[in-house]
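Here is a guided walk through a protein chain, starting with its pockets and ending with its backbone. Keep the 3D view open as you read.

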Amino acid sequence: MGASIAAGGKVVTRFAPSPTGFLHIGGARTALFNWLYARHMGGRFLLRIEDTDRARSTEPAIAAILDGMRWLGLDWDGEEVYQFARASRHAEVAFQLLEQGNAYQCFATAEELEEMRAQQRAAKLPLRYDGRWRNRDPKEAPEGAPFVVRLKAETEGETTIHDRVQGDVTVRNAELDDMVLLRSDGTPTYMLAVVVDDHDMGVTHVIRGDDHLNNAFRQLGIYRAMGWAEPTYAHIPLIHGSDGAKLSKRHGALGVEAYRDEMGMLPEAVGNYLLRLGWGHGDEEIIARDRAVELFDLDAVGRSPSRFDLKKLENINGHYLREADDGRLAQLVAPKVAGADGREAIDLLRRAMPVLKVRAKSINEIADGASFLFRSRPLDVDEAAAKLLDESARELLARARDMLAGVEAWGADALEGAIRSVAEEAQIGLGKVAQPLRAALTGRTTSPGIFDVLVLLGREESLARLSDQVDPAEAN
């Protein structure tokens with residue numbers, strides 16, 4: 001795979017995570033921006049797993065990254081590329097640079113390099129390699145001495161990157177030292193591997209976090225020494241927490257799977273939220289994926305760090321929950337509800353979904369709201385609900401039970417009429433009946449509308465739960 005595989009001048013982007021942990025939310029946004037730009041431009045989006053850190057790269061982490069990408073709907077073109085498997089190709093390029101005179105062997109020992117750095121620290125100079133083997137003959141080194149291969153970086157003039165997000169950024173070449181391409185054990189460095197892989201994969205646009213901006217200047221040295229076409233760079237500002245500090249776990253910087261499994265978010269909501277972190281189109285907040293592909297361009301990516309706002313994510317998730325298919329939500333909710341097993345439970349959840357999802361912000365909230373449907377009798381009543389079930393309330397519940405038992409068509413309108421009759425007879429407001437009813441039927445003080453609760457529980461279960469509270473001594 002020595003030659004570039006870019007075809008027809010099309011845009012090619014890539015996402016290149018290191019599998020040393022799960023798919024971080026910041027990495028997910030980078031993947032999304034790369035995917036959107038490739039799809040917007042009618043190009044290709046590639047995935048490369050940068051697994052060269054053998055001590056920290058794990059199979060579970062790789063699986064989690066692939067799973068997270070698929071969950072977010074970020075499909076990649078072709079097979080994913082594994083960087084470690086291409087080590088011989090990386091070394092081949094290093095030796096090619098060596099043969100061309102664009103790289104050299106450096107025999108400096110670890111002790112010599114530490115002494116050099118100590119002197120630089122003492123003189124308050126930047127810590128960088130001083131080029132001591134740059135122009136020396138390798139024959140001056142002891143026979144068989146270990147060496148690294150270093151790039152001969154430009155020392156004069158300046159390098160300017162025309163970044164699609166950051167604008168023109170210039171660095172004096174004198175600030176860049178001769179970086180290591182191959183270590184003394186023959187393994188390639190990250191800097192070399194990234195450039196060779198991007199070239200061989202035909203990557204035309206490198207879209208990544210702006211913490212890599214400094215790397216771009218060093219990596220350009222390899223492109224130019226090899227005579228390869230340089231990619232277009234777009235360095236995206238990092239995501240910060242709501243307090244402006246670098247995003248961390250306390251802000252919500254979790255793996256993507258935590259948003260799905262622990263927080264109960266929908267993938268379309270997470271994708272929509274990540275899209276709006278650093279990119280915008282007027283005042284539009286809700287942007288479906290197809291529209292995002294139509295609109296997305298690098299010119300609309302901001303230069304300032306975005307602030308992660310969990311409340312906003314939850315609000316967006318609430319919107320997508322209300323839009324989601326009830327059958328799909330039932331399947332997602334069921335595993336989170338004790339006792340919601342089997343086809344009948346899924347069907348009940350599906351029927352309940354229109355009233356369960358109205359105000360919910362997460363799958364977890366829906367599951368919590370649905371739990372009353374599958375609880376065993378007699379219900380465990382929480383402390384707040386228990387306060388509503390005093391002696392006078394039980395008298396009301398007895399009247400309500402008897403009135404409801406006479407309802408022939410068990411529907412919301414007929415049930416409301418029956419409960420209103422109880423309230424009028426007792427000369428109290430409807431809410432004074434509804435509150436103990438809710439406590440008796442659900443064991444809580446909050447639930448969907450009380451008539452929806454009755455409909456969903458059905459005649460037999462509703463009357464039985466009321467009887468358990470009216471005659472607690474007889475509850476089974």
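The lining of the second largest pocket divides into seven nonpolar, five polar and four charged residues. Here Ala, Val, Leu, Ile, Met, Phe, Trp, Tyr, Cys and Pro count as nonpolar, Asp, Glu, Lys and Arg as charged, and the others, Gly among them, as polar. This is a predicted model, in which local features need pLDDT of at least 70 and side-chain atom pairs count only at pLDDT 80 or more, while totals for chains, interfaces and linings use all residues. Residues are numbered from 1 along each chain as its sequence is written, and side-chain values use heavy atoms, with hydrogens and water left out.

To find the second largest pocket on your screen, look for Leu356, Glu365, Gly369, Ser447 and Pro448, which lie nearest its centre among 16 lining residues. Its volume is about 350 Å³.

How is a pocket defined here? On a 1 Å grid over the protein atoms alone, a pocket is an open set of points where a 1.4 Å probe fits, with protein on both sides within 12 Å along at least five of seven lines; lining residues have an atom within 4 Å of a point. Grid points are joined across faces, edges and corners, and the volume is the space filled by probe spheres set on the points.

Now turn to the largest pocket, with a volume of about 930 Å³. Of its 31 lining residues, His24, Gly26, Gly27, Asp211 and His212 lie nearest the centre. The elements that give two or more residues to this lining are β1 (12-15), α1 (25-40), α5 (190-200) and β9 (205-209). Which of them gives the most? That is α1, with four residues. By class, the lining has twelve nonpolar, eleven polar and eight charged residues.

Next come the aromatic rings. Rings of Phe, Tyr and Trp (its six-membered ring) pair if their centres lie within 6.5 Å; planes under 30 degrees apart count as stacked, over 60 as edge-to-face and the rest as tilted. This rule gives seven aromatic pairs. One of them joins Tyr223 and Trp228 edge-to-face, at 6.5 Å centre to centre and with 75 degrees between the planes.

Tyr259 and Phe308 form another edge-to-face pair, with 6.3 Å between centres and 65 degrees between planes. This pair links distant parts of the chain: Tyr259 is in helix α7 (residues 256-262), and Phe308, 49 residues apart from it, is in the loop between β12 (306-307) and α10 (310-323). Both Tyr259 and Phe308 are buried. Ring pairs also link Phe33, Trp279 and Phe296 into a cluster.

Charges meet rings as well. A charge sits over a ring if NZ of Lys or CZ of Arg is within 6 Å of the ring centre and within 35 degrees of the ring normal. Arg54 lies over the face of Phe84, at 3.9 Å from the ring centre, and the charged end of Arg260 sits over the ring of Trp71, 6.0 Å from its centre.

A few backbone details deserve a look. Most residues other than glycine have a negative phi, and most peptide bonds are trans. The bond from Arg377 to Pro378, however, is cis, with omega near -10 degrees, and Pro378 is found in the loop between α13 and α14 (383-388). Lys124 has a positive phi of about 55 degrees although it is not a glycine. Lys124 lies in the loop between α4 (110-122) and β5 (148-151) and is exposed, with a relative accessible area of 77%.

Finally, zoom out. The protein chain has 18 helices and twelve strands. Its radius of gyration, taken over C-alpha atoms, is 32 Å, well over the 23 Å that the globule rule (2.2 Å times the number of residues to the power 0.38) gives for 476 residues, so the chain is more spread out than a compact globule. The C-alpha trace spans about 105 × 45 × 40 Å along its principal axes.

Technical notes:
Buried < 20%, exposed > 50% of the residue type's maximum accessible area, 1.4 Å probe, protein only.
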